[in-house]
Amino acid sequence: MFINYIKAFDDNYIWTIEKDDKIIVFDPGEASPVINYLKDKNLDYILLTHKHSDHVGGVAELKNKYGSKVYGPIETKEYNNVNLKDGDEFELLSENFKVILTGGHTKEHISYLMGDNLFCGDALFLAGCGRVFTKNYKASYDGLRRLKKLDDNTKVYAAHEYSLNNLKFAKSVISNEDLDKEYEEVKNLRKEDKITLPSTIGIEKKINPFFIAKDLDEFIDFRNKKDNF
C-alpha cells in the first residue's frame, strides 16, 4: 500500500491510497487530473470530507466513468453510496477507517483515520485550520481537540498547500524554535515548488496556534486574526 497525491486547481491535493491495483481518492474537486493520473486503472472508491465544490466538483463525472463507490458525510448525500457520521468504522482495501467529526468549516465535515494516517480535508492544515464558515467556533475547536488526541506519529494529509502562509501567520502569534525550523524547511520546499505535506500531529502540537490555543476564546482570537492576516 502507498499514499500519493494528485494536484488540482492552484493548491488542492487529491490524496490517493493504492493497494493491489485498487485505488481510493479523497475529495476530487476536479475529475480531469484524476482521470489523467489513473490512465488505464479503475477508481474503486471516493471518500469525501465535506461539501465544498473544490472537494466534490469531480465526483459525479468520476462516479459515472468508473462506477466508484462514494463514502461521505450527510452533507454530500447527493453523491454518497454510504453516509457516514462521527464514530463510524468501515473497511476498504483490507484497511480499517475511523470517522472523526471535525465540523466548523462546514457543519458535517469529517476526517478519516486509517492506521497512523489522517485525511482531514479542510479541518486541519500544517500550522493552520480551516475557516469557520459555519461561525460555530466551538465545533471547530472541539474537532481539533479530537485530532490532537491522536498519536504524535499520525501523519496529517491536509487538502491544501497553505503551509507557508500558515507558518508566517503562526510566527506572528507564537514563537518557538520548532516553528522557526519548520518555517525555514517549508520556505525552501516551496521555492522548489515541492509539496510540504504530510505533517504529523506531533509537529502540529508544537507549531500550530490552533492546537496550542489554551481555550476556546484564544482559538477564536487566533482564527479572527488569521482571517484578517
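**Exercise 1. List the residues that H55 touches, leaving out those up to four places away in sequence.**

Solution. Work in this predicted model.
- Step 1: Collect the contacts. H55 touches N12, D27, P28, G29, L48, T49, H50, G121, D122, A159 and H160.
- Step 2: H55 lies in helix α2, residues 53–56.
- Step 3: Look for a polar partner. The side chains of H55 and D27 make a polar contact at 2.8 Å.

**Exercise 2. Decide whether H55 is buried or exposed.**

Solution. 
- Step 1: Read the relative accessible area of H55, which is 0%.
- Step 2: Apply the cut-off. Buried means under 20%, so H55 is buried.

**Exercise 3. Give the strand order of the open sheet of 6 strands, then find its edges.**

Solution. 
- Step 1: Write the order: β1-β2-β3-β4-β5-β6, with mixed pairing.
- Step 2: Neighbouring strands are turned by 20 degrees against each other on average, direction ignored.
- Step 3: Check one pair. β3 (residues 22–26) and β4 (residues 45–47) run parallel over 3 bridges. Here I24 faces Y45 of β4.

**Exercise 4. Trace the pairing of β8 with β7 and with β9.**

Solution. 
- Step 1: Start with β7 (residues 89–92). This strand pairs antiparallel with β8 (residues 95–101) over 4 bridges. E91 stands opposite N96 in β8.
- Step 2: Inspect the hairpin. There are 2 residues between β7 and β8, and L93 has a positive phi near 55 degrees.
- Step 3: Move to β9 (residues 110–114). β8 pairs with β9 in the antiparallel sense over 5 bridges. F97 has M114 in β9 as its bridge partner.

Notes. Residues are numbered from 1 along each chain as its sequence is written. This is a predicted model: local features need pLDDT of at least 70, side-chain atom pairs count only at pLDDT 80 or more; totals for chains, interfaces and linings use all residues. Side-chain values use heavy atoms; hydrogens and water are left out. Two strands pair if DSSP finds at least two bridges between them. Axes are lines fitted to C-alpha atoms, for helices over the stretch in contact, and angles run from 0 to 180 degrees between N-to-C directions. Buried means under 20% relative accessible area, exposed over 50%, partly exposed in between (1.4 Å probe, protein chains only). A polar contact is a pair of N or O atoms within 3.5 Å; within protein, one must be able to donate a hydrogen and the other to accept it, and residues adjacent in sequence count only if both atoms are side-chain atoms. Contact means heavy atoms within 4.5 Å.
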